Amino acid sequence: MGKIMKKYFIGIVPKGEAGALADEIKQDLKEVFGLKYALKSPSHVTLKMPFLFNEKNEGLLLKKLNSFFAQEKRFELQFKGFKTFGKRVIYIGVNYPSELLEIQGRLAQFCKSKLGQTLELSDTNFKPHMTIAFKDLKKSEFEKYLEFLKKYEMDYRSVISDISLLKKEQFRWETLDTCKLQ
């Protein structure tokens, strides 16, 4: 049987109020404005952008990631306010400790050396954020989206104790497994 290449990415899927409110906001944006693209994945902070990997070796991928993340310590993130990348993306701001940048940098090198992944611009230009709307945004409606978001109070702290491996299945991203941090 030949290779079956599937798409995966590595990210922080916050538990508790921050993740729940982000999911609620994405659902509300769909109901009010028809924005649905961000609903194709759980609310998350991407650490490693989507990459192709042989599905047959998924167990080995998980084993290597668990080994990597077992060496990393827990940290706290603050999810605060709404921000934009131009009129292309609306996201929840993430205040983070320097340790997160260090972990992400080590992960990028690990993915290159141990998983055969290419070092990409997103690996070296990391900006932690939690996207709530993109791709199907209309520039003409952008101010309406931002006005709508004013009713939400987004200011939560969350201790991050695990990192998720997500897999694309049937046009949606699903959490395949989580790796515990120290």
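**Entry 1: helix 2 and helix 3**

How close do the axes of helix 2 and helix 3 come, and at what angle do they cross? I began with this pair, keeping in mind that the model is a predicted one. I found that the axes of helix 2, residues 58-69, and helix 3, residues 98-115, come within 11 Å and cross at roughly 145°. I also noted the hand of this crossing, which is right-handed.

I then looked up which residues meet between the two helices. From helix 2 I listed Leu-61, Lys-64, Leu-65, Phe-68 and Phe-69, and from helix 3 I listed Ile-103, Arg-106, Leu-107, Phe-110, Lys-114 and Leu-115. Sorted by class, this contact has 8 nonpolar and 3 charged residues, with no polar ones.

Next I turned to an open sheet of 4 strands, whose order I wrote down as 2-1-7-8 and whose pairing is antiparallel. Its edge strands are strand 2 (45-54) and strand 8 (172-180), each of which pairs on one side only. Neighbouring strands in this sheet are turned against each other by 25° on average, with direction ignored.

I went through the strand pairs of this sheet in turn. Strand 1 and strand 2 run antiparallel and are joined by 7 bridges, and within this pair I found Met-5 opposite Asn-54 of strand 2. Between strand 1 and strand 7 I noted 4 bridges, again in the antiparallel sense, with Leu-165 of strand 7 as the bridge partner of Ile-10. Strand 7, residues 162-169, is joined to strand 8 by 8 bridges, and these two strands also run antiparallel. Here I recorded two facing pairs, one being Ser-164 opposite Thr-178 and another being Leu-166 opposite Thr-175.

How many residues lie between the strands in the hairpin of strand 7 and strand 8? I found 2 residues between them, and I noted that Gln-170 takes a positive phi near 50° in this hairpin.

Helix 2 does, touching strand 1 (5-12), strand 2, strand 7 and strand 8, and its direction makes about 50° with that of strand 8. Helix 3 packs on the sheet too, where it touches strand 1 and strand 2, and its direction makes about 10° with that of strand 2.

I looked up another open sheet of 4 strands, which has the order 5-4-3-6 and antiparallel pairing. Which strands lie at its edges? They are strand 5 (129-134) and strand 6 (155-160), each pairing on one side only.

For the pair of strand 3 (residues 75-85) and strand 6, I noted 6 bridges and an antiparallel run. Within this pair, Glu-76 has Val-159 of strand 6 as its bridge partner. I also found that helix 5, residues 142-149, lies across strand 3, strand 4 (89-95) and strand 5, running at about 40° to strand 4.

**Entry 2: His-129**

What does His-129 touch, leaving aside residues up to four places away in sequence? I listed His-44, Val-45, Thr-46, Phe-85, Tyr-91, Ile-92 and Val-94.

I looked at its side chain as well, and found that the side chain of His-129 reaches the backbone oxygen of Lys-127 at 2.7 Å. The side chain of His-129 also makes a polar contact with the side chain of Thr-131, at 3.4 Å. Finally, I noted that the C-alpha atoms of His-129 and Pro-97, which are 32 residues apart along the chain, are separated by 13 Å.

Note on methods
Residues numbered from 1 in each chain as written. Predicted model: local features only at pLDDT ≥ 70, side-chain atom pairs only at ≥ 80, totals over all residues. Heavy atoms only, no water. Axes fitted to C-alpha atoms, helices over the stretch in contact; angles between N-to-C directions. Left-handed = near helix turned anticlockwise from the far one by under 90°. Contact = heavy atoms within 4.5 Å. Nonpolar A, V, L, I, M, F, W, Y, C, P; charged D, E, K, R; others polar. Pairing = 2+ DSSP bridges. Polar contact = N/O pair within 3.5 Å; in protein donor to acceptor, adjacent residues only side chain to side chain.
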